[in-house]
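Here is a quick tour for someone meeting this structure for the first time. Keep the 3D view open and follow along.

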Amino acid sequence: MAENIRDIYHLFNPDEVLLNNDLEKYYVEIEQNEINIKDLQIRLELGLETREPIKLLFTGHRGSGKTTTLNRLVSNLDNRFFIVHYNVFDLLDQNDVNYTDVLFSILTKMLEKVEMKEIDLGKPLLERVNNWGSSIIESIIQEKGVGGGIGLKVPFNLLEIMGRMKSETTTRVETRNKIEPRVSELVNIINDTISEIEKTGEQVLIIIDNLEKIDPTKARHLFYDHATQLTQPLCKIIYTFPISLKSSNDFMQIKINFSDVLIHPNIKINEREGVDHPYPKGREFMKEIVSKRVSLELFEPDALEYIIDMSGGVVREFIRIIRDSAVRAITKNRDIIDKDIAVEVVNGLKNIYQAQLSDEDYQVLQEVHQTKDIKKDEQLVGLLHNLSVLEYRNDRSWCDLNPIVRAILDEKNLL
């Protein structure tokens, strides 16, 4: 176990997810999360028996630990699944995603794993893949000099094209313009590829991570305007989904098109009644995240309690505050993180949160503070998306202000 405050910087990276050995070393169990993982696993395993191409929306706040949960799910599943699990932003531009991009990424990542596992898709299907691919990207190859020959090797040049789509706006637009009139052909190729893979005895499971991070307007385009296309692949798919859209006017129509919506809640550190009613299990969970990495003696007790309070139970924000506090402590030649340092870090975050709030937002935030109710409210969509409002769950869902935002309103005498 690390005993040096400098090690905190390396062991608390908010942008890294737990995977493989780190998942075994640092993962902390909490009852609600374990129930969610088991629920998800059972749904998929029951789907093996019925061969249903179920489509699940998996939602929760950014930073709540969804990716770690999905990694843990994958580690629990057996070899009856052909699992294609990827971060969509390894392929696509976070600020510009549409439904054809997502379908194209599904085909590309499936073909990549087919090649890795040396699965024979058969000559007729490979010819169709290559003919479709060459017709889609022919002009891009000519104009931009994409390498690679056209043969029967998969995945053709598709990964390279996807890389260009992420970084080159013109390539992105050209590719979409060519795919959109022929999207049904793309879906047919996806489904025929799935069919060939499943002849091996494994059923295809696609897990597309990080879609919850896209702007709510882009998310509506995907999950409301083009739900039909997203649900056409004949395999099991888990789409991560922005929790903010649960409060949009379109949510019930979105929900109808998918098999189910599963919620990964933030860690509850206080009861619904407020900060005077702490939730001990949640607080112990947050402390165990720390104690699995470093000695708790690197924190003054009141500093760690304060960081837990101000994180709101959002794991990534908790890790971010700890890391930033370690940097500040090193800057000040301190050997431990005390509360003054943690307060300085949180004050810096207040400036960031306050900059994204409008006068209209303050009115909604005051109402949330009073009622704690999740409801259909277009103004609430943006506040959930930017983490100003956080959702929790007892038997039913409820919400509260992000503690940093609550401190801002308190300073303005708005509470």
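Strand 6 (residues 389–393) and strand 7 run antiparallel to each other, paired over five bridges. To get from strand 6 to strand 7, the chain takes a hairpin of three residues. Keep in mind that this is a predicted model. Across the pairing, tyrosine 392 faces tryptophan 398, which belongs to strand 7. Strand 7 itself covers residues 397–401 and is mostly tucked away, with four of its five residues buried.

How many cavities of 30 Å³ or more does a search of the whole structure find? The search comes up with three. The largest cavity has a volume of about 100 Å³. Its lining includes Tyr392 and Trp398, the two residues that stand opposite each other across the strand pair. Also among the lining residues are Ile269, Asn270, Gly312 and Arg406. Strand 7 and helix 19 (403–411) are the elements that give two or more residues to this lining, and strand 7 gives the most, with three.

**The open pocket and helix 4**

Now for the largest pocket, which has a volume of about 530 Å³. It is lined by 30 residues, and those nearest its centre are Glu16, Leu18, Thr68, Val315 and Ile319. Which of them gives the largest share of the lining? That would be helix 4, with four residues.

Helix 4 deserves a look of its own. Eight of its 11 residues are buried, so call it mostly covered. The buried ones are Lys66, Thr67, Thr68, Thr69, Leu70, Asn71, Arg72 and Leu73.

Zoom in on arginine 72, which sits in helix 4 (residues 66–76). Is arginine 72 buried or exposed? Its relative accessible area is 18%, and since the cut-off for buried is under 20%, arginine 72 counts as buried. Setting aside neighbours within four places in sequence, arginine 72 is in contact with Leu23, Tyr27, Glu29, Glu34 and Ile37.

**Rings that meet**

There are seven aromatic pairs in the structure, and here are two of them.

| Ring pair | Centre to centre | Angle between planes | Type |
|---|---|---|---|
| Phe223 and Tyr239 | 6.1 Å | 80° | edge-to-face |
| Phe241 and Phe251 | 6.2 Å | 35° | tilted |

Why is the pair of phenylalanine 223 and tyrosine 239 edge-to-face? Their planes are at 80°, and planes over 60 degrees apart count as edge-to-face. This pair links distant parts of the chain: phenylalanine 223 is in helix 10 (residues 216–225) and tyrosine 239 in strand 4 (residues 236–242), 16 residues apart. Both phenylalanine 223 and tyrosine 239 are buried.

Phenylalanine 241 and phenylalanine 251 are both buried. Ring pairs gather Phe223, Tyr239, Phe241, Phe251 and Phe258 into a cluster.

Rings meet charges as well. The charged end of arginine 323 sits over the ring of tyrosine 9, at 3.7 Å from its centre. Arginine 293 lies over the face of phenylalanine 12, 5.5 Å from the ring centre.

**One last stop: alanine 342**

Alanine 342 has its place in helix 16 (residues 339–355). With a relative accessible area of 0%, alanine 342 is buried. What does alanine 342 touch, not counting residues up to four places away in sequence? The list is Ala303, Tyr306, Ile307 and Ser325. Glutamate 212, by contrast, is 130 residues from alanine 342 in sequence and 29 Å from it in space, C-alpha to C-alpha.

Definitions and conventions
Residues are numbered from 1 along each chain as its sequence is written. This is a predicted model: local features need pLDDT of at least 70, side-chain atom pairs count only at pLDDT 80 or more; totals for chains, interfaces and linings use all residues. Side-chain values use heavy atoms; hydrogens and water are left out. Buried means under 20% relative accessible area, exposed over 50%, partly exposed in between (1.4 Å probe, protein chains only). Two strands pair if DSSP finds at least two bridges between them. Rings of Phe, Tyr and Trp (its six-membered ring) pair if their centres lie within 6.5 Å; planes under 30 degrees apart count as stacked, over 60 as edge-to-face and the rest as tilted. A charge sits over a ring if NZ of Lys or CZ of Arg is within 6 Å of the ring centre and within 35 degrees of the ring normal. Contact means heavy atoms within 4.5 Å. On a 1 Å grid over the protein atoms alone, a cavity is a set of points where a 1.4 Å probe fits but cannot get out, and a pocket is an open set with protein on both sides within 12 Å along at least five of seven lines; lining residues have an atom within 4 Å of a point. Grid points are joined across faces, edges and corners, and a volume is the space filled by probe spheres set on the points.
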